[in-house]
2 protein chains.
Amino acid sequence: MDEKQVHFGIMGCANIARKMCRAIALSPSSTLHAIGSRSFDKASRFAVENGFSGKIYGTYEALLDDPDVDVVYMPLPTTLHVQWAVLAAKKRKHVLLEKPAALNLSALDEILDACESNGVLFMDATMWMHHPRTDEMRALLSDVHRFGQLKTIHCCFTYEADRDFLHNNIRVKPDLDALGALGDIGWYCIQAILWAADYELPETVTAWREPEFNEAGVILSCGSCLCWRDGKIATFYCSFLTNLTMDLSVLGTKGNLHIYDFAVPFQENSATYYSGSQFRLPMLSEHTVANDLPQEALMVREFANLVGEIERKGLKPEKKWASISRKTQQVMDAVKASTERGCQPVEVVTS
Amino acid sequence: MDEKQVHFGIMGCANIARKMCRAIALSPSSTLHAIGSRSFDKASRFAVENGFSGKIYGTYEALLDDPDVDVVYMPLPTTLHVQWAVLAAKKRKHVLLEKPAALNLSALDEILDACESNGVLFMDATMWMHHPRTDEMRALLSDVHRFGQLKTIHCCFTYEADRDFLHNNIRVKPDLDALGALGDIGWYCIQAILWAADYELPETVTAWREPEFNEAGVILSCGSCLCWRDGKIATFYCSFLTNLTMDLSVLGTKGNLHIYDFAVPFQENSATYYSGSQFRLPMLSEHTVANDLPQEALMVREFANLVGEIERKGLKPEKKWASISRKTQQVMDAVKASTERGCQPVEVVTS
């Protein structure tokens, strides 16, 4: 491996891969080395459209067999994650996997086990987790003086999908992304809630009544209430049928926090959050945090730096990101189960 | 009755009565005529503290027997509402009643029946309903082009009560305000949700798990999910144990609306709301609405104007405000029932 540059391969030419193509270029410690698709023509077109002049492969296997690829970024339909992420791990490629990480916990565990036993890093590609605003908000939530004790969280991620999306997008196809809106955007809400709760798993999940499904049984909108043993409560709502909303509210005994663009900040080079405090009643204070790179490039930089450390120092990959993904999946499984069981409360599997 | 001035009597010297004392003075069509308390001394002190030089009564009955009182504003503990509001109606006083209107629907119906049969106006004192921001937001929600179809609503009203409040305030006493946080601040959330839903009643209410109670069984925090037949969903959370938060989010297919001070605007002479639209992605637009009087004075003005019309023209009181209170109570009863029945879904009584 190049001393300073981590070589990325992109597996699949989904829309989000365009953004990641640019992010890999912007991040100082990464280089896009190869693109693989099931179709050489499709990969070639993607390369031209994105100004990429490196290697192009017409199969996923060929991408994984390139010894110069260190990391595989994988924006594949969720159904394909186990097969290709496990194979990537076996080929000793570090895995940056699009969300939702898997269709269920056992599938994710196959991936995580493969990563661990092959000594490669795993991270799901939830970009906002890497924005400096996220760290600054974390500092606020951890400050007993300013925020007090966490009491409740509300998160909402919705967008209005058009007719074409609702008929043809992979996100509404049971054989490709069977989790629908729950997987596509509910994932963000669940991870945001866990982030706010400092990754303490809730005890139970109760889906809201009247989730909406398409004819094939894929979730188009749903919501849930998460309860912790100590009385903390969180709610979230995700939908393909509602105007774009990306709200996160976190309320504590002494302060509160609001953002309205949690998953994708309105601006690329800064992001704003609002805080309330018993010391500054009744107004909310506005705080803007600048970022030197777009959040997706900050994610790539963090991933590349971690990979660089592993490779240079021969370290075992840290499990922080795998653990966050796994907890998100644990809660998602419970939401799905409660949704399917007539919105009965479901215990979150904690093992 | 004075041709232009409606004469108010205040029954009870609760804290909120101070604000209303000023509001009655600020409103152009109302005059504070009398104050009644169970204690003459207390009423006298209140009068001095609030610069009031009119009539003072040491019993509630005496206030109601004053023929020059047109309207009684009643900031009494909820338990006392039926007795005194019914008597006020029988004495032909128009009734402006503090929220929560009653402990349950049957109690409220006693009050509403007494008002109707005696030809007096009823309104609950939910002040923000009378702010011009509320009307402007209503126009947005009703605009199919800008907002589309209503999909979901989230409302949160919390404040952190101190130790003294949690031990001694009437709002935590089962014999005075047995509905606790649900009655005190959940009332606002439920009415805000109904307002956003254009007063269409939900079909079911499901309380969130883990409501918090004090030792006497009074609700200190709770939340609920409301479901409509057409798939609309709303959630709310109210708590005495969380830093001040007054959020309302209303999401439609084409637009959305956010406010963070819905019940009591941060500023007295203007209020702000934020709207998102598919035509202006991805930013929220800020809109500020000026008000010529504080919202409580606007409420008094509206009430006094309606009373003036009734008295001058011999009209029957309009039922709009009674109907809003009644629907709020119907939903509140369902929330309470679901909270008491282990958070099982409860149908909203619609008769």
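Which feature does UniProt place at residues 145-257 of chain A? The record, an unreviewed entry, gives this stretch as "domain: GFO/IDH/MocA-like oxidoreductase". In the structure, which is a predicted model, residues 145-257 of chain A are 20% helix and 42% strand.

Between chain B and chain A, about 3,700 Å² of area is buried, with carbon and sulfur atoms giving 59% of it. On the side of chain B, B:Arg209, B:Asn243 and B:Phe266 lose the most area to chain A, together accounting for 17% of what that side buries. The contact involves 42 residues of chain B and 42 residues of chain A.

Elements giving two or more residues to the side of chain B that touches chain A include strand 7 (150-160), strand 10 (219-227) and strand 14 (270-277) of chain B. Strand 12 of chain B supplies the largest share, 9 residues. By class, this side of chain B has 16 nonpolar, 19 polar and 7 charged residues. Salt bridges between the two chains number 4. One pairs A:Lys254 with B:Glu160, with the closest N and O atoms 3.1 Å apart.

Within chain B, B:Leu97 belongs to strand 5 (residues 94-97). B:Leu97 counts as buried because its relative accessibility is 0%. Beyond four places away in sequence, B:Leu97 touches B:Met74, B:His81, B:Ile111, B:Phe122, B:Met123, B:Asp124 and B:Ala125. B:Thr78, 19 residues from B:Leu97 in sequence, is 9.6 Å from B:Leu97 in space, C-alpha to C-alpha.

Notes. Residues numbered from 1 in each chain as written. Chains lettered and ligands numbered in written order. Predicted model: local features only at pLDDT ≥ 70, side-chain atom pairs only at ≥ 80, totals over all residues. Heavy atoms only, no water. Helix = DSSP H or I, 4+ residues; strand = E, 2+ residues; numbered from the N terminus. Buried < 20%, exposed > 50% of the residue type's maximum accessible area, 1.4 Å probe, protein only. Contact = heavy atoms within 4.5 Å. UniProt positions renumbered as here; feature names shortened; annotations may be inferred. Buried area = accessible area lost by both parts, 1.4 Å probe. Salt bridge = Lys/Arg side-chain N within 4 Å of Asp/Glu carboxyl O. Nonpolar A, V, L, I, M, F, W, Y, C, P; charged D, E, K, R; others polar.
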